[in-house]
Amino acid sequence: MGSPMLKLENIDLAYGEAKVLFDVSLEVQQGEIVALLGSNGAGKSSTLKAISGLERVSSGRIFFDGENLTNRPSSEIVKRGLSHTPEGRRLFPRMSVEENLLLGLRRGTKGVKSKELLDRAFEMFPVLKERRKQYAGLMSGGEQQQCSIARALMSEPRFVLMDEPSLGLAPQIIADVFRVIREIRDSGVTVLLVEQNMVQSLAIADRAYVLERGRVTLSGDAKTLSKDPALQKAYLGA
Ligand SMILES: Nc1ncnc2c1ncn2[C@@H]1O[C@H](COP(=O)(O)OP(=O)(O)OP(=O)(O)O)[C@@H](O)[C@H]1O
Ligand SMILES: [Mg+2]
């Protein structure tokens, strides 16, 4: 394997006095789907926030495309082609679906290009096309989740961080969301996926890391991990 697209080296992160990440190291190669698994409070979202510059790390280093981006402002990191779909849907409920999507564009995107990106989003998520003029807040949870993922793709990222895209969705819709994540990867985007939904994440991921109380306790090939009894144990927090 070549040098990783994303590399975390011995990250520590604290909220005030409370340390929540301890010596976290991980790598994502271009073209991979890597799952970051763990139970509530394990530190998954904090890890993503450290990567996208929403939280500062107290030690360790973060490299993107070989460049040291540790504790650089979020805006700078986004410019390099990294996009973060935060936990919860974070749409503007009193704006239309289309307006929400257009907010995902990079600054300075030309009209023709933005139309093209909008069409691509509607192709990937037909329900958003049907509802394009409707308030985002009036869609179902699953539809809003699709809108949130589509919005992240409007900036044409090369790398996406997804924080629990399946959270709170019905099983059929979860299956759709996982299918879309695979399509996103197949379109050339690298994915770091945070999920509590272990079985389905491991089914689409190439590799995975498991966080327990702020530490990486297991990692490896997704197929191998899915058969590892230690994973069940880590998950149940036993
Ligand atoms: N802004 C914050 N201020 C203080 N503590 C925080 C903050 N955000 C998270 N924490 C704490 O950091 C720890 C890790 O939280 P984090 O949100 O990273 O976990 P998570 O793995 O994403 O959990 P979940 O599955 O519930 O989303 C938890 O103990 C949490 O209470
Ligand atoms: Mg979280």
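# Reading the predicted model: strands, core and domains

Tutor: Ala35 stands opposite Ala208 in β9, in a model that is predicted.

Student: What makes β3 and β9 a pair of strands?

Tutor: A pair needs at least two bridges, and β3 and strand β9 (residues 207-212) have four bridges, in the parallel sense.

Student: Which other strand pairs with β3, and in what sense?

Tutor: Strand β8 (residues 190-195) is joined to β3 by five bridges, and the two run parallel. Within that pair, Leu36 stands opposite Val194 in β8.

Student: Why is β3 called largely enclosed?

Tutor: A residue is buried if 20 or more other C-beta atoms lie within 10 Å of its own. Five of the five residues of strand β3 (residues 33-37) are buried, so the rest of the structure largely encloses this strand. Ile33, Ala35 and Leu37 point one way from β3, while Val34 and Leu36 point the other way, and all are buried. In a regular strand, side chains alternate between the two faces of the sheet.

Student: What does Leu36 touch once residues up to four places away in sequence are left out?

Tutor: Leu36 touches Lys44, Thr47, Leu192, Leu193, Val194, Tyr209 and Leu211. Leu36 is also one of the residues with the most contacts inside the largest nonpolar core, which has 62 residues; the others are Val34, Ala121, Ala150, Val191, Leu193 and Ala208. This core draws at least three residues from each of domain 1 (1-81 + 157-238) and domain 2 (92-156).

Student: How do you know that domain 1 and domain 2 touch?

Tutor: Contact requires C-beta atoms, placed from the backbone, within 7 Å. Eleven residues of domain 1 are in contact with nine residues of domain 2, although the centres of the two domains, taken over C-alpha atoms, are 24 Å apart. Helix α7 (residues 171-186) supplies five residues to the side of domain 1 that touches domain 2, the largest share. By class, that side of domain 1 divides into nine nonpolar residues, one polar and one charged.

Student: How do you know whether His84 is buried or exposed?

Tutor: His84 has 22 other C-beta atoms within 10 Å, and the cut-off for a buried residue is 20 or more. His84 is therefore buried. This residue belongs to strand β6 (residues 82-85), and, leaving aside neighbours within four places in sequence, His84 is in contact with Leu48, Ser52 and Leu161.

Student: What makes α1 mostly covered?

Tutor: Eight of the nine residues of α1 are buried, namely Lys44, Ser46, Thr47, Leu48, Lys49, Ala50, Ile51 and Ser52. Just after α1, Gly53 takes a positive phi of about 80°.

Student: Which element gives the most to the shell around ligand 1?

Tutor: Helix α1 gives the most, with three residues. In total, 13 residues surround ligand 1, and the closest are Tyr15, Asn40, Lys44, Ser45 and Ser46. The elements giving two or more residues to this shell are β2 (18-28) and α1 (44-52). By class, the shell has four nonpolar, seven polar and two charged residues.

Student: Why do β2 and β5 count as edge strands of their sheet?

Tutor: The sheet is an open one of four strands, in the order β2-β1-β4-β5, with antiparallel pairing. β2 and β5 (67-68) each have a single partner strand, so one side of each is left without a neighbour in the sheet, and both stand at the edges.

Student: How do you know that β1 pairs with both β2 and β4?

Tutor: The count to reach is at least two bridges between two strands. Strand β1 (residues 6-15) is joined to β2 by seven bridges, and to strand β4 (residues 59-64) by five, so both pairings qualify under that count. On the β2 side, Lys7 stands opposite Glu27; on the β4 side, Glu9 stands opposite Arg61.

Note on methods
Residues are numbered from 1 along each chain as its sequence is written. Chains are lettered from A and ligands numbered from 1 in the order in which they are written. This is a predicted model: local features need pLDDT of at least 70, side-chain atom pairs count only at pLDDT 80 or more; totals for chains, interfaces and linings use all residues. A residue is near a molecule or strand if its C-beta atom, placed from the backbone, lies within 6 Å of it. Ala, Val, Leu, Ile, Met, Phe, Trp, Tyr, Cys and Pro count as nonpolar, Asp, Glu, Lys and Arg as charged, and the others, Gly among them, as polar. Domain bounds come from an automatic or database domain assignment. Two residues are in contact if their C-beta atoms, placed from the backbone, lie within 7 Å. A nonpolar core is a set of buried Ala, Val, Leu, Ile, Met, Phe, Trp, Tyr and Cys residues joined through C-beta atoms within 7 Å. A residue is buried if 20 or more other C-beta atoms lie within 10 Å of its own, exposed if 12 or fewer, and partly exposed in between; C-beta atoms are placed from the backbone.
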